[in-house]
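Here is a colleague's note, written as numbered points, to be read slowly with the model open beside it.

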Amino acid sequence: MNGSRSILALSLMAYGLFPPLGAAEGPQVIAITAKRFEYSPKEVRLKRGETVTLALKSLDVTHGLLCRKLKIDTDIPPGQEVKVTVTPLEAGTYTAICNHFCGGGHGNMKMTFIVQ
Ligand SMILES: [Cu+2]
């Protein structure tokens with residue numbers, strides 16, 4: 001009797017410490033910063049079918065982030081956080097580019113999403 005109570009107490013403690021997957025509030029947030037002429041991180045790994053929120057910030061001028069296959073198309077003005085929700089449905093490697101002219105290196109400003 002006493003033993004099973006302890007197990008119950010332990011289970012409740014474990015539940016509090018390690019809530020089951022899926023009990024988290026909302027999608028995982030991945031922070032990405034943009035500055036002339038790169039994104040950080042340059043590469044982000046996503047899981048197929050799993051919704052994430054990208055929290056985008058620019059450290060200098062207005063940049064963009066465009067990846068048609070992942071349905072991402074947004075401007076990133078400096079001084080504000082832009083949130084984009086993504087649910088990748090197909091595995092693959094996707095390149096996202098800056099689609100807001102931001103200066104001389106604009107054409108090479110890109111990052112990669114790897115969906116597994
Ligand atoms: Cu640009």
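1. Before turning to the metal site, a term is needed: donors are N, O and S atoms within 2.8 Å of the metal, and because water is not among the atoms, a site may look incomplete. Please also keep in mind throughout that this is a predicted model.

2. With that term in hand, the copper ion can be described: its protein donors are the SG atom of Cys98, the O atom of His100, the SG atom of Cys102 and the ND1 atom of His106, which lie 1.9 to 2.7 Å from the ion. Along the chain these donors follow the spacing C-x1-H-x1-C-x3-H.

3. Which angles occur among the four donor atoms of the copper ion? They run from 82 to 126 degrees, and the site is classed as irregular.

4. Is Cys98 buried or exposed? Cys98 has a relative accessibility of 4% and therefore counts as buried, since the cut-off for that word is under 20%. His100, another donor of the copper ion, has 27% relative accessibility and so counts as partly exposed.

5. For the overall layout, the protein has one helix and nine strands, and reading along the sequence gives the pattern α-β-β-β-β-β-β-β-β-β. Of its 116 residues, 32% count as buried.

6. Strand 4, which covers residues 52-58, deserves a careful look, for six of its seven residues are buried and the strand is mostly covered. Strand 4 pairs with strand 1 in the parallel sense over seven bridges, and here Thr33 has Lys57 of strand 4 as its bridge partner. Strand 4 also pairs with strand 7, residues 82-86, this time in the antiparallel sense over five bridges, where Ala55 has Lys83 of strand 7 as its bridge partner.

7. The peptide bond from Arg36 to Phe37 is cis, with omega near -5 degrees, and Phe37 sits in the loop between strand 1 (28-35) and strand 2 (38-40). Ser40 and Pro41 are likewise joined by a cis peptide bond, with omega about 0 degrees, and Pro41 belongs to the loop between strand 2 and strand 3 (43-46).

8. What is the phi of Lys71? It is near 60 degrees, a positive value in a residue other than glycine. Lys71 lies in the loop between strand 5 (63-67) and strand 6 (72-76), and with a relative accessible area of 72% it is exposed, because the cut-off for that word is over 50%.

9. Ile72, by contrast, is placed in strand 6 and counts as buried, because its relative accessibility is 1%. Ile72 and Val86 are 14 residues apart in sequence, while their C-alpha atoms are 7.5 Å apart in space.

10. The last point concerns the second largest pocket, which holds about 160 Å³ of space. Its lining includes Lys71 and Val86, both discussed above, together with Lys69, Leu70, Thr85, Thr87, Pro88, Leu89, Glu90 and Tyr94. How many residues of this lining are nonpolar, polar and charged? The lining divides into five nonpolar, two polar and three charged residues.

Technical notes
Residues are numbered from 1 along each chain as its sequence is written. This is a predicted model: local features need pLDDT of at least 70, side-chain atom pairs count only at pLDDT 80 or more; totals for chains, interfaces and linings use all residues. Side-chain values use heavy atoms; hydrogens and water are left out. Donors are N, O and S atoms within 2.8 Å of the metal (3.2 Å for Na, K and Ca); water is not among the atoms, so sites may look incomplete. Four donors count as tetrahedral if all angles lie between 85 and 135 degrees; four count as square planar and six as octahedral if opposite donors are over 155 degrees apart and all others between 65 and 115; anything else is irregular. Buried means under 20% relative accessible area, exposed over 50%, partly exposed in between (1.4 Å probe, protein chains only). Helices (H or I, at least four residues) and strands (E, at least two) are DSSP runs, numbered from the N terminus. On a 1 Å grid over the protein atoms alone, a cavity is a set of points where a 1.4 Å probe fits but cannot get out, and a pocket is an open set with protein on both sides within 12 Å along at least five of seven lines; lining residues have an atom within 4 Å of a point. Grid points are joined across faces, edges and corners, and a volume is the space filled by probe spheres set on the points. Ala, Val, Leu, Ile, Met, Phe, Trp, Tyr, Cys and Pro count as nonpolar, Asp, Glu, Lys and Arg as charged, and the others, Gly among them, as polar. Two strands pair if DSSP finds at least two bridges between them.
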